[in-house]
Amino acid sequence: MTTPSAATSATQPDLAPVGTSRRRGSLGPVGLVLAGGISVQFGAALAVTLMPRAGALGVVTLRLMAAAVVLLVICRPRLRGHSRTDWGTVIVFGVTMGAMNGLFYQAVDRIPLGPAVTLEVLGPLALSVLASRRAINFVWASLALTGVFLLSGGGFGDLDPVGVAFALGAGAMWAAYIVFSAHTGRRFPQADGLALAMAIGALLMLPLGIAESGAKLTDPTTIALGSAVAVLSSVLPYTLELLALRRLPASTFAVLMSLEPALAATAGFLILDQALSAVQAAAIALVIAASIGAVRTQVGRGRPRPPEA
């Protein structure tokens, strides 16, 4: 599952110094990015354990509400002085954020975490391929499709087809999230747009969460666990990645983010006892390789590139 700064990484300049100093200083920010990715996926695993108590939509509601409160308190975004276009952009961004999270949590309620994240990653990968006119990107797309075919067993016989559809829908929303994250970042200073969009996404999911979970959302234990999911899946990784992007090239950040399916599979195995077959592990590896290849191809173009997964 993506984090706020994951989607905006490609709009950040390559801030790391060149030459030997970059190589020597890269371990710190790389560690921060990996820590953020681990936090996201273990947060998702914790969310899965919470779903029997609060339901998938209830967990999404708790996560977005808690994250929105934290971001609004920290950022204190200015509400005045924005145009209708500004507000239209941030509202669409918030709706996309809510839909992305809602669809993803519906997916992991039905299929293992590793395959769900792998299918979700296809959205940003497709965006990267379609935005590029280089033929090599279609090689990466073919590699990813091969991975998906292996993951599906030739027809998703081992995976709930509804869960697969939700994961693919979450991937489409992730691609849209990347686009509108960039637009929002240009119209709102610092993380103001993100805080407002998170609040909009939370309000969008609130009626759905109440309809599914009702009074369960007021249980103190459920609220505490939902807040923990918000910290692990949104607040902590966003902070870590924001610190990392000050010293890490955006291209390197994007490559590291391509490892999320592997981190998700690890979290699923350790927390949820979701073991993968050899074929499923190979499929995830193919999708990761395709994502890294697409990112590196975009970087090699030598001119401004579209947002990366």
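Is Thr 96 buried or exposed? At 6% relative accessibility, Thr 96 counts as buried (under 20% relative accessible area, with exposed over 50% and partly exposed in between, for a 1.4 Å probe and protein chains only).

This is a predicted model, where local features need pLDDT of at least 70, side-chain atom pairs count only at pLDDT 80 or more, and totals for chains, interfaces and linings use all residues. Residues are numbered from 1 along each chain as its sequence is written, and side-chain values use heavy atoms, with hydrogens and water left out.

**View A. Thr 96 in helix α5.** Helix α5 covers residues 84–108 (helices are DSSP runs of H or I, at least four residues, numbered from the N terminus). Beyond its neighbours within four places in sequence, Thr 96 is in contact (heavy atoms within 4.5 Å) with Met 173, Ala 176, Tyr 177 and Phe 180.

**View B. Leu 127 in helix α6.** Leu 127, in the helix of residues 113–131, is partly exposed, with a relative accessible area of 22%. Setting aside residues up to four places away in sequence, Leu 127 touches Ala 175, Ile 178 and Val 179. Leu 127 and Ala 176 are 49 residues apart in sequence, yet 8.8 Å apart in space, C-alpha to C-alpha.

**View C. The second largest pocket.** Take a look at the lining, which includes Leu 71, Gln 190, Asp 192 and Tyr 238. α4 (56–75) and α10 (220–244) each supply at least two lining residues, and α10 gives the most, with 4 residues.

Methods
On a 1 Å grid over the protein atoms alone, a cavity is a set of points where a 1.4 Å probe fits but cannot get out, and a pocket is an open set with protein on both sides within 12 Å along at least five of seven lines; lining residues have an atom within 4 Å of a point.
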